[in-house]
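Please keep the sequence and the model at hand while reading.

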Amino acid sequence: MEHSTHARLPPGVVVLERGWLSSNNVVLRGQDEAAVVDSGYWTHSEQTLALVAAAAGPLPVRMLVNTHLHSDHCGGNAALQSRYPQLQTLIPPGLARAVREWDPVALTYEPTGQHCPPFLIQGMLVPGTSVRLGESDWEVHAAPGHDPQSIVLFEPASRTLISADALWENGFGVVFPELEGGSAFDEVAATLDLIERLAPAVVIPGHGSVFTALGPALEGARSRLAAYARNPARHASHAAKVLIKFKLLELQRAPLEELLQWTSRARYFQLVRARWFADQESRAWAASLMDDLVRSGAAAREGDVLINA
Ligand SMILES: [Zn+2]
């Protein structure tokens with residue numbers, strides 16, 4: 001993790017590069033208040049509060065916006081709201097009711113086997129409008145694909161894009177609608193086209209480092225997307241492994257049996273197996289995914305315990 005104040009970023013913008021369990025956070029300092037984009041995973045809340053306070057300096061934090069409501073992007077919302085009682089929290093449209101009634105199924109925390117502490121919302125980030133964050137007005141663009149409700153934020157004067165999980169320097173986030181039996185590879189492609197049209201000079205991704213080489217990032221993302229579209233089972237298997245790796249990042253180490261039971265409760269695993277791997281028995285399939293993680297070096301095994309690596 002590092003603080004990076006990129007030379008090409010608009011004035012007052014600080015990127016808190018986190019890791020993979022927590023998304024990056026962006027702190028935007030204005031004249032007399034600061035705003036935050038995305039809040040990380042809930043188990044990192046204390047670290048998030050400390051990093052945000054350091055980046056905001058003396059300014060009160062008054063605005064929190066989420067690019068989308070995955071647990072690694074809004075898990076720190078509740079902690080920020082209790083630290084800053086005047087905070088206004090804005091989310092993309094589509095899940096406002098699920099947040100107000102706190103529906104962990106619609107919010108995907110149950111199907112992914114993840115957790116997010118309930119939080120409050122005060123408004124929406126409507127695509128086609130702009131939102132004042134720090135010193136600048138940021139355009140709100142719909143960016144479906146990875147998540148049907150995700151938005152990206154674009155600041156035209158500096159041509160800065162906050163791309164969430166729609167585009168990273170090396171790839172993009174799992175295409176979750178595909179796991180639910182839908183199809184969203186076309187949406188991913190359309191969102192990549194949107195990003196190409198915006199032509200950002202600098203991209204602040206949801207995970208990984210700030211980058212400026214848009215062409216290679218788009219090219220890499222498109223070739224990955226084409227491979228997934230040719231072989232959706234490959235994407236589904238990758239997605240299931242990403243979910244296990246995410247859990248390992250949270251737990252650091254866990255008995256295999258505990259992880260196998262967790263996969264039998266998290267609905268996305270059942271959906272993926274039923275659609276693409278129905279010929280395999282549930283536990284054997286889940287165990288084979290964990291073997292793959294060990295083979296690729298993303299995990300290690302010590303007897304009956306799986307360890308994050
Ligand atoms: Zn996400």
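## Thr108 and its contacts

Not counting residues up to four places away in sequence, Thr108 touches His70, Glu180 and Tyr268. The structure is a predicted model. Thr108 sits in the loop between helix H4 (96–100) and H5. Is Thr108 buried or exposed? Its relative accessible area is 14%, and the limit for a buried residue is under 20%, so Thr108 counts as buried.

## The second largest pocket

Thr108 also belongs to the lining of a pocket: with Ala106, Asp147, Pro148 and Glu180, Thr108 is among the residues closest to the centre of the second largest pocket, which is lined by 13 residues.

The volume of the second largest pocket is about 170 Å³. Sorted by class, its lining has eight nonpolar, three polar and two charged residues.

## The largest pocket

The largest pocket holds about 720 Å³ of space. It is lined by 32 residues, and those closest to its centre are Trp20, Trp168, Val174, His238 and Val242. Several elements give two or more residues to this lining: helix H2 (71–74), helix H5 (109–112), helix H8 (214–230), H9 and helix H12 (282–295).

Which element supplies the largest share of the lining? H9 does, with eight residues. By class, the lining of the largest pocket has 14 nonpolar, 12 polar and six charged residues.

## His235 in helix H9

Helix H9 covers residues 232–251, and His235 is one of them. The relative accessibility of His235 is 0%, so this residue counts as buried. Apart from neighbours within four places in sequence, His235 is in contact with Val174, Val175, Glu178, Leu179, Phe185 and Tyr228. Val174, one of these contacts, is also among the residues closest to the centre of the largest pocket.

## Helix H11

The buried residues in H11 are Tyr268, Phe269, Val272, Arg273 and Trp276. Around the helix axis they cover an arc of only 130 degrees, so they are on the same side of H11.

What do the buried residues of H11 pack against? Their partners are H5, helix H6 (176–179), H9, H10 and H12.

## Helix H12

H12 consists of 14 residues. From its first C-alpha to its last it reaches 20 Å, close to the 20 Å expected at 1.5 Å a residue. Trp285, Ala286, Leu289, Met290 and Leu293 are its buried residues. Viewed down the axis of H12, these residues fall within an arc of 140 degrees, so they line one face of the helix. The cover over the buried residues of H12 includes H9, helix H10 (256–265), helix H11 (267–276), strand E14 (299–302) and strand E15 (305–308).

Asp291 is also part of helix H12. It has a relative accessibility of 35% and therefore counts as partly exposed. Asp291 and Leu306 are 15 residues apart in sequence, with 9.7 Å between their C-alpha atoms.

## Arg265 in helix H10

Arg265 is located in helix H10. Is Arg265 buried or exposed? With a relative accessible area of 59%, Arg265 is exposed. Arg265 and Glu110 are 155 residues apart along the chain, and their C-alpha atoms are separated by 8.6 Å.

## Two residues with positive phi

Most residues other than glycine have a negative phi. Asp38 is not a glycine, yet its phi is positive, at about 65 degrees. Asp38 is in the loop between strand E4 (34–37) and helix H1 (45–56). With a relative accessible area of 4%, Asp38 is buried.

Ala164 also has a positive phi, near 55 degrees. Ala164 belongs to strand E11, which spans residues 160–164. Its relative accessibility is 1%, so Ala164 counts as buried.

How values were computed: Residues numbered from 1 in each chain as written. Predicted model: local features only at pLDDT ≥ 70, side-chain atom pairs only at ≥ 80, totals over all residues. Heavy atoms only, no water. Helix = DSSP H or I, 4+ residues; strand = E, 2+ residues; numbered from the N terminus. Buried < 20%, exposed > 50% of the residue type's maximum accessible area, 1.4 Å probe, protein only. Contact = heavy atoms within 4.5 Å. 1 Å grid on protein atoms, 1.4 Å probe; cavity = no way out; pocket = protein on both sides within 12 Å on 5 of 7 lines; lining within 4 Å. Points joined across faces, edges and corners; volume = space filled by probe spheres on them. Nonpolar A, V, L, I, M, F, W, Y, C, P; charged D, E, K, R; others polar. Expected span 1.5 Å × (residues − 1). Arc of directions from axis to C-beta.
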